[in-house]
Amino acid sequence: NKEINNYLEQLSNGRLIVSIDTLKETSTGEFRDKISISVIDTDTKANSRQKLSGGQIRQVDIATLLTLYKLQSEIYKMSFNIMIFDEIFDSLDDNNIGLASSVLRQLCKDVCVFIISHRHISQMDADEILSFNT
């Protein structure tokens, strides 16, 4: 939870807070192994994923992906040296693309990051941008 909220602090300027739980209570009161993600928007007090905007959902998704990447690295003592994101900036406005790009840029110290995007090129913080026109 600390790690995902660290990423969300950077991605949403602290607006979104997430809690990941590995046990979920069923309607009968039993607990089952199931990953559940609870989110709250500290501005609007929206408390479910269904109440968030598309951009906010994307911010939570990015933070979740990066947290799972780090978690698998720590648990299995194995890390990948490449990450590929396809249309990761969909639903984000220009400001939030810049924030997400900065977070991904921090990963570039240890990982080669490839971002495939059909737009938002000018907002990306990248060493190199390849443009393919058809």
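Me: Why is N96 called buried?

Reply: This is a predicted model, and in it N96 has a relative accessible area of 17%. The cut-off for buried is under 20%, so N96 counts as buried.

Me: Where is N96 found, and what is it in contact with once neighbours within four places in sequence are left aside?

Reply: N96 is found in helix α3. Leaving aside those neighbours, N96 is in contact with L11 and Q59. Contact here takes heavy atoms within 4.5 Å.

Me: What about L11: which other residues of α1 are buried along with it?

Reply: Helix α1 covers residues 2-12, and I4, Y7, L8 and S12 are buried there together with L11.

Me: Is N13 buried or exposed, and how do you know?

Reply: The relative accessible area of N13 is 58%. Exposed starts over 50%, so N13 is exposed.

Me: Which loop holds K77, and what is its phi?

Reply: K77 is found in the loop between α2 and β3. Its phi is near 55 degrees, a positive value, and K77 is a residue other than glycine.

Me: Why is S27 called exposed?

Reply: Its relative accessible area is 82%, and exposed means over 50%, so S27 qualifies. S27 lies in the loop between β1 and β2. S27 and S117 are 90 residues apart in sequence, and their C-alpha atoms are 42 Å apart in space.

Me: How much of the protein counts as buried?

Reply: Of its 134 residues, 33% count as buried.

Me: What makes a set of residues a nonpolar core, and which members touch the most others in the largest one?

Reply: The members have to be buried nonpolar residues joined through side-chain atoms within 4.5 Å. The largest core here has 27 residues, and V60, I62, L66, M83, F85, F89 and L104 touch the most other members. At least two residues of this core come from each of α1, β1, α2, β3 and α3. In soluble globular proteins, nonpolar side chains tend to be buried together.

Me: Which residues is I62 in contact with, neighbours within four places left aside?

Reply: I62 is in contact with L11, I88, L92 and A100.

Me: What is the volume of the largest pocket, and which residues lie nearest its centre?

Reply: The volume is about 720 Å³. Of the 24 lining residues, F114, I115, E128, I129 and L130 lie nearest the centre. The elements giving two or more residues to this lining are α3 and β4, and β4 gives the most, with five.

Me: How do the lining residues of the largest pocket divide by type?

Reply: There are 14 nonpolar, five polar and five charged residues.

Me: And the second largest pocket: what is its volume, and which element gives the largest share of the lining?

Reply: Its volume is about 290 Å³. Helix α2 gives the largest share of that lining, six residues. Residues lining the second largest pocket include N1, E3, I20, I35 and E74. By type, the lining divides into five nonpolar, four polar and three charged.

How values were computed: Residues are numbered from 1 along each chain as its sequence is written. This is a predicted model: local features need pLDDT of at least 70, side-chain atom pairs count only at pLDDT 80 or more; totals for chains, interfaces and linings use all residues. Side-chain values use heavy atoms; hydrogens and water are left out. On a 1 Å grid over the protein atoms alone, a cavity is a set of points where a 1.4 Å probe fits but cannot get out, and a pocket is an open set with protein on both sides within 12 Å along at least five of seven lines; lining residues have an atom within 4 Å of a point. Grid points are joined across faces, edges and corners, and a volume is the space filled by probe spheres set on the points. Ala, Val, Leu, Ile, Met, Phe, Trp, Tyr, Cys and Pro count as nonpolar, Asp, Glu, Lys and Arg as charged, and the others, Gly among them, as polar. Buried means under 20% relative accessible area, exposed over 50%, partly exposed in between (1.4 Å probe, protein chains only).
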